[in-house]
Amino acid sequence: MEKPPNSRHQIDGEIWWPALVATVVKLLLIPAYRSTDFEVHRNWLALTHSLPLSQWYSDTTSQWTLDYPPFFAYFEKFLSFFASRVDPTMTHLHHGLNYASERTILFQRLSVTLSDSVLVYSAYRLTRNRNFSSFERFLIWALVIWSPGLFIVDHLHFQYNGFLLGMLLLSISFLEEGKDLVGGFFFAVLLCFKHLFAVAAPVYFVYLFRHYCRGGLVKGFGRLVLIGSVVLVVFAAAYGPFLYYGQMQEVFRRMFPFGRGLCHAYWAPNFWVFYIMLDKFLAFWLVKLGFNIQAPKASFTGGLVGDSSPFAVLPTITPLITFITVLLAISPCLVKAWRNPQPRMVSKWVSYAYTCGFLFGWHVHEKASLHFVIPLASTALTSMEDAKHYFFLSIVSFYSLFPLLFEAQEYPIKVVLLLLHTILMFFGFSSRFPARSATTAGAVVKGRDKTSETPAFHIGWFGKSCLFGLLFVEIWGQFVHRMVLGDRLPFLPLMMISIYCALGMIYSWIWQLRHIILIH
Amino acid sequence: MNDCPSEKNHTLLNPKTLLRVTNAVHQTNTAAGPESDPNTNIWSFITTRSTSSWFLCISLFAVLIRLAVALHPYSGAHTPPMFGDYEAQRHWMEITVNLPVKDWYRNSTVNDLGYWGLDYPPLTAYQSYFHGILLEFFDPASVALFTSRGYESYIGKLLMRWTVLMSDLMIFFPAVLYFITVYYSGKTTGDRSNMAWHTLMILLNPCIILIDHGHFQYNCISLGLTLAAIAAILSDRNLVGSMLFCLALNHKQMSAYYAPAFFGYLLGKSVRRKNPILEILKLGFVVLCTFALVWWPYLHSMDASLEVLSRLAPFERGIYEDYVANFWCATSVVVKWKRLFSTQLLKLLSLTATVSACIPSMIQLIWSPTKRGFLQGLLNCSLSFYLFSFQVHEKSILLPLLPASFLALEEPFIFRWLMYNALLSMFPLLRRDGLVLPYAALYGLFILLYHAPGVRKDARKPDFYSSVLESSAFACSLFLHIIYLTITPPDKYPFLFEAVIMIFCFSQFVLSSIYLNTKQWALSKSSTQVDARKKSL
């Protein structure tokens, strides 16, 4: 027992190592491909820098209008303070349009890399008080900080997910320690940074209500008032100025653009992929059978056009339907949280809520899968089942991000990132869950030998065939498709990725649901 | 609220009781011995696996870093009319793909040797030919005769980068694996735990990555062949080793930096065999055959071979170019070598200086050819060549760095030291190429990997003086970096900072060279003592 304090002291310093190695890779990736999101964020820098607060949400100089909640706008304002010193054109509303000087790229990329320190701290905090061995800690840090998903989305495609997810992990880590008020505070702050995280709000609400607001009617009510006022203060700090300027309508119109359609340009691998496929399938066969089916005028990805439905046969899906579906899907978890609010389950419940939001939500981006894959990393080592589930989920979800990077230069990078992740994870899990034979002498008897032995971490024939399926989808899409079909069916490779990953996501959803219902 | 068990969880989360429980669980679970216990070393989940598994892991990381460095600009990007090494390599592909073999080294209307004429031995030409065919298949415009001069495009850059990566993967990576397995074959398990770290040090050498995948060259081929040759000789396959080394020589004549060490060690070993003459004849035969094979297209006439040979020794380019941290360039601040002496005399001077700097190490190798001595000798000879030979380039520091990385475990200080100074000595070159960012990143990565947590617990603690010395020199180096980046030199001395950096690095290299030579001689003393003890027993 003399060892732990000493070794703990050593470990504390060690998170800097994986974090700095990741930073080196991020620095090297600076000149790589960046999506239009780069220009989006640059425009927000210019917008917040050159316009008064009252016009932030009504400006239409660029098509990339501000559509994140106020805290993110403040964050951009804070960054623009430095940005205007680095390169004044970057923060110029008109001259800066589509501006990407070397300094601009460097500044914006570095701002993402630096803001990732929140993620690093939260990963450290998440593993600090739990009884992990130094190896387990390291593995969790590697899963979070070296996650290929974050590299692809944040440091190649360009977004600020690392720091937002860091905030989520921070909130979860406080809840796990029983510091509910601080946990709730950080979640409220997170919501004011990016409202897409609101999917887990019901879970937070039920959990905090049952776990924090207890201890009798008076004390419970007092705590409810306390946490309610904390949340209110956070929201007031965010939206207060806009309320003052009478901008609330503009803010909400920007934040909830329901006119965008059920699916994003590339179909996120969720439940609606199957719904659309079923519709196409039915339409195809009904036309063959002689029914008169009108081809839909509106597309799934584009804006909502009048009353016309993008579906040929099946009923139209409205935002309200997706909202109710998501809530229904979360409800088992809410019941569990109501009955038995345990801190150790928080990260699983929150991840589950984001899974539901991803599968059934309206206009879901493929990037949203990070919202549950990253938090689940901290629970991946709880049991072999968890590890197996995480192994699949992370591979599928990171693979589903592949279409984000479509240029040749980044192709080998994303493949190597995923391979490295898979191999490290496989080695890590199989070292954490080695084969254990029973130590009792009776177990040596042949008949019993099988029942008392736990095999090492393995993925089984089913898992292997799933991974080979993934490999097939990728090889088909990249190489075979063009050779066999030429220019015909150009959407097929992407559709295959969508469908294949959607299957994986649904598997993960069912596994998580079962796990949450069964576990005590 | 009684049904809420979270209070229990609270008590479970923090106190020592649970720690004791989990510790007990861990002890029973990991009964496989201390070696595989993940609690002792966070890396054991990789290092306790088979060699091929962890090598695959490290290789993937190495590939990732190379791919990321390759995103950055290459030498001479968008700088007509001459561009840089990238254009040279591309031009060689253009020439070899479009002209018959006999015209590759010959000045003609279709092959202007003044514009990046081929000046590496035939193996480089063959390599350019194969890569040229690949490029022609995917992007014919990039190797078209005449019209492709200064050709720069997204896909062209990508294909060129991938040919380097391919060569690296096909030659350097397997050579590292070969070397590591040979080097650690007779070692104890304690030493073997450092295998992965050592591999990392050789495979992620920042200088080689920056020059090959950033600046753009194919050093990985000649260095990989040399590495394989060394591994073969360490495992007593002398003939295979000499053949591989001849191939390395025929890819880049700079590999001759290692030649005295190979010569000395092989001679020393052969002399101690039963039939020394036969051994030497066998080696000579292999060397001649390899050379004949590589030079076959040019052996039909004396003129043709001399034509190629004259291309390989560009004496007209002067004793040094740019700012290289070697003797001639460093002393030129005081003695204007180029003005005072004729090229002929300088050739003789540099030859004498180089040979006399190599001689001690070579004699030691002939005297007592040990494996450790061989590695030290490789380092000493290549360093002497770098310091004293004719027409040395900044990039030639890669050659001493390779054997230095073999000694990463035995001589960690000198390895680290050479690496820092080699990086600094190439800094002006890499800055010109626009590679400051990857330079800084790889510098940082090297320090991080060198000091990776949980590996290589060095038993020897550095004493106070050497650590003070090291940190002050490191501070100096950092200072020079910052000055070079931020301050514009006075108009009168536009290359002032380059000269300061060069003189600083030169002094460090000379000190390292002296230290390493004494070390090598100390080896033979200790080995003779061991021999004497054995005999007396």
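By class, the lining of the largest cavity holds 26 nonpolar, two polar and no charged residues. Here Ala, Val, Leu, Ile, Met, Phe, Trp, Tyr, Cys and Pro count as nonpolar, Asp, Glu, Lys and Arg as charged, and the others, Gly among them, as polar. The model is predicted: local features need pLDDT of at least 70 and side-chain atom pairs pLDDT 80 or more, while totals for chains, interfaces and linings use all residues. Residues are numbered from 1 along each chain as its sequence is written, chains are lettered from A in the order in which they are written, and side-chain values use heavy atoms, without hydrogens and water.

Select Trp146(A), Leu424(A), Trp43(B), Ile46(B) and Phe61(B): of the 28 lining residues, these are the closest to the centre of the largest cavity. A cavity is a set of points, on a 1 Å grid over the protein atoms alone, where a 1.4 Å probe fits but cannot get out, and lining residues have an atom within 4 Å of a point. The space in this cavity is about 550 Å³, a volume being the space filled by probe spheres set on the points, which are joined across faces, edges and corners.

Next, select H19(A), which gives the most to this lining, with five residues. Helices are DSSP runs (H or I, at least four residues), numbered from the N terminus.

Select H7(B), which gives the most here, with five residues. This lining has seven nonpolar, two polar and three charged residues.

Key: 1 Å grid on protein atoms, 1.4 Å probe; cavity = no way out; pocket = protein on both sides within 12 Å on 5 of 7 lines; lining within 4 Å. Helix = DSSP H or I, 4+ residues; strand = E, 2+ residues; numbered from the N terminus.
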